[in-house]
Amino acid sequence: MARAPAVPLAPGVWRIPTAGRAMINSYALVGDDGAVTLVDCGVKRAPARIVRGLAAIGKHPADVTRIVLTHAHPDHVGGAAEVARRTGAPLALHAADVPYAEAGNSPPGDPTVGGARLFARLSSGRFPAFEVAQPLADGDLLDVAGGLRVVHTPGHSPGHVSLLHEPTRVLITGDALFNVAGVRWPVKLFCTDFQMTQLTAHVLGELEYDVAAFTHGPEITDQARERVRGFLARLSRE
Ligand SMILES: [Zn+2]
């Protein structure tokens, strides 16, 4: 089966895989006026696949009017500088991750995780630096295709956000949760504060949505909220 360059999730909402079939995902949200908002830009080499994904939904880089980033890790913002250059669109990122974006460096890993420091030295965590035109804050409602809500879910990184597209009830979890062989926590080693990741994810059980979309793994379209809530409830029982 051929790899789809763009997967429809709801009217005007598409997943654009930038690695594998759903290993790393970007998203495109298309407004009534045809303007495109991109969510995340993949690794440094991802922009070509993002452009192919846009073409598959009849869009051109020039149609992109805004780029929203879930957090400053190289597999999400590695292509940000290049996508901004190709589209001319401004970049939005939570204020707490802005210094890392401007330095072109990931936030630190969790110091309680054994080997984190060594790992940080081996894997550079670096990406092409970029300027953030719009620093985001928790609760912001972005004027994107009828309204995109910013939900600050720090822990994975200080400024990590999940995004709720209210009109279509699609939740983009970002790296707050993975859906790789089932709903699971992000890799501990890559979290700035793993415990905080687990604490703040609970808000994802309280939001209203029908589709849970992940930056790592395929979407859940059936009983999405119940499945996320079921996963989060396991933690409270531990
Ligand atoms: Zn990440």
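Me: What makes His 71, His 73, His 156 and Asp 175 donors of the zinc ion?

Reply: Their atoms NE2, ND1, NE2 and OD lie 2.1 to 2.3 Å from the zinc ion. Donors are N, O and S atoms within 2.8 Å of the metal (3.2 Å for Na, K and Ca), so these atoms count; water is not among the atoms, so sites may look incomplete. This is a predicted model, where local features need pLDDT of at least 70, side-chain atom pairs need 80 or more, and totals for chains, interfaces and linings use all residues. Residues are numbered from 1 along each chain as its sequence is written, and side-chain values use heavy atoms, leaving out hydrogens and water.

Me: Why is the site of the zinc ion called irregular?

Reply: The angles among its four donor atoms run from 89 to 176 degrees. Four donors count as tetrahedral if all angles lie between 85 and 135 degrees, and as square planar (six as octahedral) if opposite donors are over 155 degrees apart and all others between 65 and 115; anything else is irregular. The site of the zinc ion is therefore irregular.

Me: How do you know whether His 71 is buried or exposed?

Reply: His 71 has 0% relative accessibility, so it counts as buried. Buried means under 20% relative accessible area, exposed over 50%, partly exposed in between (1.4 Å probe, protein chains only). Asp 175, at 2%, is buried too.

Me: What makes E2 and E3 a pair?

Reply: Two strands pair if DSSP finds at least two bridges between them. Strand E2 (residues 13–19) and strand E3 (residues 24–30) have six bridges, in the antiparallel sense. Strands (E, at least two residues) and helices (H or I, at least four) are DSSP runs, numbered from the N terminus. Trp 14 has Ala 28 in E3 as its bridge partner.
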